[in-house]
Each structure stands twice: as C-alpha cells, then as structure tokens.
Amino acid sequence: MKITKVPCLKGEITIPGDKSISHRSVMLGSIAKGTTEITGFLPGADCLSTISCFQAMGIEIQWEGNRVLVHGKGLRGLKEPKTVLDCGNSGTTTRLISGILAPQNFDVTLTGDASIKKRPMKRIMEPLSQMGAQIISLEGNGCAPLKICGSPLCGIHYLSPVASAQVKSAVLLAGLYAEGETRVTEPYPSRNHSEVMLNQFGAHVQTEGTTVSIVPAQELYGCGVDVPGDISSAAFFLAAGLMVPGSQILIKHVGINPTRDGILKVCQAMGGDITLLNSSSDSGEPAADLLVRHSNLHGTEIGGSLIPALIDELPVLAAMACFAEGETVIRDAAELKVKESNRIHAMVLGLSSMGADITETEDGMVIHGGKPLHGSVIDSFLDHRIAMTFAVAGLCAQGETTILGADCVNISYPGFYQDLMSLAGK
C-alpha cells in the first residue's frame, strides 16, 4: 500500500465491530442454550477463526445479513472435533478457547499460523494446570500447538503476574465448569468484556477492585448481543483527525468501555479535541459517537495502570507523539513485545526510517516530537496494527510511504484503507 500526504480529512464513518466482544459473543453463544443473535459482528480473519473452531465442534452458526446467529448447545454440548482446531493469527481465540476446552470430556489440539506458534501460551497453561487441566505445548516451548486433554477442574485463586484480559478470561471460562469458586487477581484491571458478557448470559461474576470471581454455572442462555464499533480501530481515525491539519471526523457508535478508553484519556491529555455524542449502553457495553478535530498536540507520559486500557493503541499513540511538541514517554509496556509482532521494535524501526526522534527502551519508547517526517518503506511484520499506524503516519509525511504486507489489516479491519481514503476524498 502506498500512502501520500493529504490536505485534510473530512466526513463520518462507521467502523467495524469490536474484535474482543465479537470473539466472546460467539464463544459464549456456542456454550449457551438457545440462539444468540449478534449484530455488528466483526467479520475479520481473527473472529472468523473463532467461528470455524466452534463449527468444527458441532455448533451451527449462520449469517443473515448483518446478523450472526449462534445456535448454542449448552455448557456440555460441544463435540470432539475431527481435526486439529486452527486458530489462525488469533491469540484471543487460542487463549480463551483453551479455558472452555480444558474441562470438556474430549481431547483436542489447537494450532495456528507462524505468529501464533511464537506467542506465549504459558500464561494460560499455568493457571489452567493449577485448576487440574491437562494442557501440553507439543513443541515444548510454551507455545502452540497445544494438546488439551479434557479433565475435571477445581476453582483456584490465581494471582496473575500481568494485567491480561486473555489470561483472566481463560481462567473465568474454565471456572464456569470448575468445582467451587474461581478468582483472578490482576496487578491492574484489564478489559472487562468477559465479565460483562458472562453476566449477560446468566453466569454469576463479581468484581472487587482488581479481583474477579466466578462460580460454576448450571447453564448459560442465548441472548442478543449488540457489538459496538471497536475503539482500537477507531484509534487510527482519532489519531488521523488530530494529526492532519484542518480535519474533522465523526466516528459513529464506538465502544467506550471504561476498561478500554485509555486512548481517549491520552488524546485529551495531549491537547486533543474529542467530543462524545449520543451516548448509549446496549448489551451492557457503553458506546458513543466520537467527534475529533485537528489539534495542536503536546507530549505526555503514558504508563502504569493506564497501559492495560490502551495496550493495542500504543503504536498509533507513538506515531501521534511524533507530531506533538515536546517529549512523550511510553513505559510499562513490555507486553507490546509479544503481540502479533514486537511492536516496540517495529514502531521504533519504522518511525526512525521516517525521520522521527525515537528511542527504544526495555518496556516502551521515548519520542521527541516536532520533527517533520518523510515517506519511507515500512515493514508491517504482518501486524495489522503496525500497518494501520503507518498508513496514518503517511498521511502527514512528505513524499510516499510504502507499507509492505499491507493486507494484514484484514485481521481486524478489512475495509480500513478504503475508509481512510474516503475521508481524504479519494
């Protein structure tokens, strides 16, 4: 994909549905009794991997226009798949489905693409094993492929060393089937979509501070799920609207769950002009239209308890920081190293090639903003968020920016480039 500088961005867009909520709606719908109707589902490659895994275990899933219907068979309704389950590029699928599969009465093997086979799975293997799960890394490296032999589980109190919604969710999903109460305590609160949706489907989940607890469920029941727009996808348009002079963009019906709205807090701390309109709360998930206008930005510090609320938005915030006056420090973000790529290295490499003053640190980066950027050839490392970040940066850079492996955006946002160019009048 080749990107060149644009004079301004104007208009309104509706972004695809939230990836995290889309995954969970299919998973819980599959192990609930009755039909779950999902509107706003994200048809990205990652979420399609989740659908294919549950279809392989005997769940009927239909598309009707913009609706997805999941015909669940209850907590014990899954069947042993005839083949290995392929999670594609989806860490969410791999980790969360492990919590559901560990207590089943059959064995299964999970695999994925080359990226998944390098991403750390010990973080879910350890707590699930403490619950009694039999889960093995077939290569012995703590990564997929994973062999899961279904077995009875007992509730535990797990003290998670990282604030990770995927770890927490895997343990809570296993806790649906475990004997006794299951609790997870995190160092900081991570996104709470699983807790919200589990309660919606009839489970009993409670949160006190950074500890979440669940008791075993007799049954879950299908319901309607309205998936708001993904704030992680909206982040690229928020950044573009703030960075490109003369811009004004209205982003419709975006999820603003307080465990995910760190991007809004940081943009406003940097002097960004963002207004929330038409707030609502469907399916327990708050949403609003976001009106963003070009702003003169200044540097800030991003770290601590804010990191779990914007971990996926840090790459585009790093790009934004290049167009802000002063210094921006991103710290406590070592988790970026084990995403679809090492996002710290990918951002520092790409932005440096565009002329940015950016330094890599052990757990983040330091950016001295205000230097003009120029086009460059960017390696996306087949990471959707890296590709989208540099597309936005290229809108403000002199010359042409070429993004290699650009179609990896299909993982979360198949129409991203078209939407971005439409705002530029192209």
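Which residues form one aromatic cluster? Phe-236, Phe-237, Tyr-413, Phe-416 and Tyr-417 do. The model is predicted, with local features requiring pLDDT of at least 70 and side-chain atom pairs pLDDT 80 or more, while totals for chains, interfaces and linings use all residues. Residues are numbered from 1 along each chain as its sequence is written, and side-chain values use heavy atoms, without hydrogens or water.

The whole structure holds 6 aromatic pairs (rings of Phe, Tyr and Trp, the last by its six-membered ring, with centres within 6.5 Å). In one of them, the ring centres of Phe-237 and Tyr-413 lie 6.0 Å apart. Their planes meet at 50 degrees, so the pair is tilted (under 30 degrees counts as stacked, over 60 as edge-to-face, the rest as tilted). Phe-237 sits in helix 7 (residues 231-243). Tyr-413 lies in the loop between strand 23 (400-404) and helix 12 (416-423). The pair thus links distant parts of the chain, 176 residues apart. Helices (H or I, at least four residues) and strands (E, at least two) are DSSP runs numbered from the N terminus. Phe-237 is buried at 0% relative accessible area, and Tyr-413 is buried at 1% (buried is under 20%, exposed over 50%, partly exposed in between, with a 1.4 Å probe and protein chains only).

A helix pair was also examined. Arg-123, Ile-124, Pro-127 and Leu-128 in helix 4 meet Gln-166, Val-167, Ala-170, Val-171 and Ala-174 in helix 5 (contact means heavy atoms within 4.5 Å). These residues divide into 7 nonpolar, 1 polar and 1 charged (Ala, Val, Leu, Ile, Met, Phe, Trp, Tyr, Cys and Pro count as nonpolar, Asp, Glu, Lys and Arg as charged, the others, Gly among them, as polar).
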